[in-house]
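Trainee: I would like to go through the terms used for this model and see what stands behind each one.
Mentor: Then ask about them one at a time.

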Amino acid sequence: MVQSAAKPGQKVPASAVSAGALGPPGQRAWQEGVCALCPSPPVGPPVSPVSSCPVGPPRIPLDLSSLNVSFRPRKPLLPSRLNEDLDRRPGSLNIEIVTPSETSPSLVNCRQLLVRPGHREVGATRLGNEVRRHPQHRVPGSPLTKESVNSSLAFRVGHVTSVGLRVLVVMIAPVAGTTSHCHSRAKWGLPENKDEVVNAYLFPSSSILWSMDHGERSSPPWSISIIGLSKLSIGQREVTVQKGRLYRAEGYPISIGCNVTGHQGPSMQHFQWSVYLPSTPTREVQIISTKDDTFSYAMYAQRVRSGDIYVERLQGNSVLLHISKLQAQDAGEYECHTPNTDGKYFGSYSAKTNLTVIPDTLSATMRPQTLSKEEGEPLELTCEASKATAQHTHLSVTWYLMKEGGGSHDTKIISLSREFILLPGPSYEERFAAGDVRLDKLGVATFRLSIGSLQPSDQGKLFCEATEWIQDPDETWTWITKKQTDQTTLRIQLAVKDFEVSITVEGTPTKGKPVELACLVVGSGRDPQLQGLWFLNGIEIAHIDAGGVLDLKKDYKDRASQGQLQVAKLSPKTFSLKIFSLGPEDEGDYSCAVAEVVRSQTGSWQVLQRKRSAASRVQLREPAARSVVVSTKQPSVWEGEALTLLCQAGGAESPLSVSWWHLPQDPAQAQAKLVAGMGQDGIVQLDANSEGPSYHGNRRLEKVDWATFQLEITSTAVTDSGVYECRVSEGTLHGARDQHWTHRISVTVKSLKSGLQVSLMSRQPQVKLTGTFDLSCVAGASYSDLELPLTVTWQFQPAGSQAFHQLVRVTHNGTIEWGDILSQFQKKTKVSRSSFYSQLLIHEATEGEAGVYQCKVEVYDRSTLRTNGPARASATSHPLRIAVTLPESKLKVNSSSQVQELSIGSNTHIECSVLSRSTGNLQLAITWDFSPIFSNTSWIRVLEMDQTNVVKYGNEFHTPRRKQKFHMERVSQDSFQLHILSVEDSDRGRYRCAVEEWLLSASGTWQKLGAKTSGPTELKLRPTGSKVHVSKAHWIENATEHEEVGINCSLESSGSSASLYSVTWYRDGGDAGSQMLVQLQYDGLLEYGEEGSRRRLRCDRASPTEFVLKLHRVEMEDAGVYWCQVVEWQLHGSPSKWVSQASDESQRIVLRVLPSDPTFPARICSSPPLLYFLVICPPVLFILLLVSLLSLYWKAKKLSHLSLRAQKDKSLWVGLRGAGGWSTDGKEHQEEDAEGR
């Protein structure tokens, strides 16, 4: 086998496996290929061997998974070969014999292929260009085909049975110029084995008898060569797709199947469909994939999203590609590809089939019309159906009837199938057999429907449907187009026939007993539509129409609802009135009337004729008295047990009705309730108002003999306690007026819950972390002898929660159901249950298991288990709290103090040793702290390594220079070292380590057990002769808000000329500790503690011995305590580098910030009342001033007007006075005017 080296996910060719030759052609091939495969003695006549192999044809077992055989000629004159392809699917075998077309025409090629499936022989002989078959041995679905291109003969055997299969292949190619013929099977000496398992027999040339002109035997000019005989691996993949070419019509659906076998990996395989269009046959256009939603190309994406193209999965390895509406551009070569899920490529991964989209040429026409016929008349309708498809297709025609109000289903009348077979519909089979329904083909495209005698059921709309069929290469027929014609509306007038009506009475009219009256119709037509009416003493009491709708008068309607009366239509010509319990009001003369009707166009019933029967007299008789006795073997039962009650009646034998009634013990429910009843006909009726189907299945009423009735409650409930009454009567079951006889008995049902108690206990209410604890749930019941099934539910309330959650549930059948919320319990919890005992065992306890536990016990009976009903009783134990505590820590570290004195620039390390520790899954966390000499800060974090070995540096040691200088090393499991490189003056101080023990619980959480701190290690430097002295003057600086202030830091001496100095300014931040403000390094670079302070702070060196910190625009919050630290730096080592020699700090400097004097605008803005006054007062004053001015203007104008009027009056008075006798009157008028004013 040759395996493809393609990578996973890469598409490989359709076949990735090829066969290799085992030997060269000719005699050596026969020796090497056949001699090595001779498992049995030779079969056949002794013939001269071609080689040293045994004489006769060897038998080679054939594995149906793979066989590759090739016949190679000794002379190139006759190049023949046998190509045998075996499908790995059971029951399928393909054999193809191929002869090149360039074979000389003077040669006579004689071949025979013999196939024996089971005990039948199927063969085909080819002589020259003729194909002969054995028709008496044809296998269905296995045709012999001939291809003229390469003069080949292909034969397929299907449906291989368990009897076995033998393949016998014989190829004969005589020498040129000779005469030959095919000999019989007996001459060849072929074996006649019939009962062996599937085998193949390959016969070499030495086993064949050849006849030449002189009758002598000669070897043929060719020999057999076995090129390869191997077995395919079971894991070889093979993809198969529906065989093409397929032809489908445009606008109609298509489904293409694809299947993959021999695959490995998951059973659910993915499929990818692509197409190669005729315009671009080498370009793959992706259509749809079951794996990737974005697989489709743009031209198919919209149709895939709309559902026009989709993939239906039949199985995990089989799908169907559906295209709902084909388009012309859908034609092409379709490929089904399965992505590789195996460890390597082995087999075929895709298969192709061709699809041709043809135009829709089918037509079906019929003239729409409306016909009115009478019942019994004939009918003929014709439709035209034709096609013009270029391919070979068949046509089928079907006639349908769509009834009025018949729903969406059409009734099939008759059809002419694609095989030209007439097939009637289910409703028309009898009429077709009688010749009443026919379908005839007139000419090429005319189809006539004939109905000899119309019936009322034929009324409706008739139409014709034509379907075009094509046969696919796999020999299956598929429809490709369908068309329906216009409809013909058919209306049928019913024929009327005369009839007579009579009435009969069944049963003896006895009081309390049933009686039935039947109304019979004699005559009328076939299947008439009749309605019946019942009369008592000439008054109508019941009416039932042709559609079966019943109408009763009021009194009879109530009796029918109580089951005392029944009116029915037993057959098309029989009506029934049944009274289950006769009473005095039922006496009288009964008669019935029958009317033949037909439904009109408006939907109402139209009466054609009506007949009435003669009257029939019904008179009552009184029944005899009886005795009733009720008994039981168990007057007291437990809940869920069965209860049996017997009711026995005395007196003369006759049909009886019995009903059982229950009177509950609860006084509030004193009304009797029907349990069950049985009528004289043996039909049992249960209470219609009962609890449901489970209630009905729990009650069973049986008739032991004619006078004994048994009521059984298979599973009792507490509510079943009370008094049971048996009522026996000779009338109907619910006849209220019937005479009946009764007897009662008292029954007690004890509750299961009353005798159930549950307790919970534990021997370890407190458990250490990672320890084990158990809980025991004990149930006690006074009915333990019943051996009822129990279900135990363990509940847990976590710490801090207010609700209980289900932890685990052990059902009555031993099934364990875990809760969904508390998943951490499942991996470390063991639960067990016996009859009345359950134990919960929890390993590796953590804080998550600390909380309150309780158990709940549910008791079932066997009837509720069968019906999946609820528990009969349940009880919950008291809650029990379980506390999980941490184990005691045994951590100890070296607490002794140490001192190291070093030279500047040297390297050192500080030890941290763990003397003892706790056992278990523990990890250590190490923290290194530093306390400088010249700082009042207690301890500063250098670095820490947590329990997961993650290292973090402190805030003041987070710079790259500090990280290079300080690092930690774990020397052993219990020993740690802090390394300090190039020790300098700022490194002086005390160092210590803090060790913490952490426990990793089973849930993955860390728990801290304990912590210890080592003794301090003091680091000192040897004197170098350099000293720095900073002025220790203590002074207070006052500054005004929003002004600039400077704080000085002075050296008492300038120091050595080879030294450089750096100064760092600090501010006391209160509870937050000291805060580094700014640092002026020895090389003149400034480093700020906070990036935002760059604009407000500035550090300068005013002189060799003077450093100044300047604060711009001082705020009130800048008040506090400041100080500086000066460090001396000198060059050391080779190569030389700057190393701090000495350092010193100044005294604390107190800065006070005084508030600045506010300006007038500031004062205004700072006083809200003044601000409100200045904003509101001016507008108000302006408005008042404007109002005053307007008032003054109005008054001035009024005075001016009055003055002008007074002047006019004065001038008038002077004029009148000079006119004589008018003076006195004028004065009087002036006085009146003055008074008027």
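Trainee: Which strand gives the most to the lining of the second largest pocket?
Mentor: S83 does, with 6 residues. Strands here are DSSP runs of E with at least two residues, and helices are runs of H or I with at least four, numbered from the N terminus. This is a predicted model, in which local features need pLDDT of at least 70, side-chain atom pairs count only at pLDDT 80 or more, and totals for chains, interfaces and linings use all residues. Residues are numbered from 1 along each chain as its sequence is written, and side-chain values use heavy atoms, with hydrogens and water left out.

Trainee: What makes a residue part of the lining?
Mentor: A lining residue has an atom within 4 Å of a pocket point; a pocket is an open set of points on a 1 Å grid over the protein atoms alone, where a 1.4 Å probe fits, with protein on both sides within 12 Å along at least five of seven lines. For the second largest pocket, 45 residues line the space, and Glu 956, Arg 961, Arg 962, Ser 986 and Gln 1079 lie nearest its centre.

Trainee: Why is Ser 1062 called buried?
Mentor: Buried means under 20% relative accessible area with a 1.4 Å probe, counting protein chains only. Ser 1062 has 1%, so the residue is buried. Ser 1062 is found in strand S77, residues 1060-1068.

Trainee: What makes the pairing of the side chains of Ser 1062 and Trp 1129 a polar contact?
Mentor: The term asks for a pair of N or O atoms within 3.5 Å, one able to donate a hydrogen and the other to accept it; residues adjacent in sequence count only if both atoms are side-chain atoms. The two side chains are paired at 2.9 Å.

Trainee: Why is the link of Cys 777 and Cys 855 called a disulfide, and why right-handed?
Mentor: A disulfide needs two cysteine sulfur atoms within 2.5 Å, and the S to S distance of Cys 777 and Cys 855 is 2.0 Å. The torsion about their S-S bond is about 75 degrees, so the disulfide is right-handed. Cys 777 lies in strand S55 and Cys 855 in strand S61, so the pair ties together parts that are 78 residues apart in sequence.

Note on methods: Buried means under 20% relative accessible area, exposed over 50%, partly exposed in between (1.4 Å probe, protein chains only).
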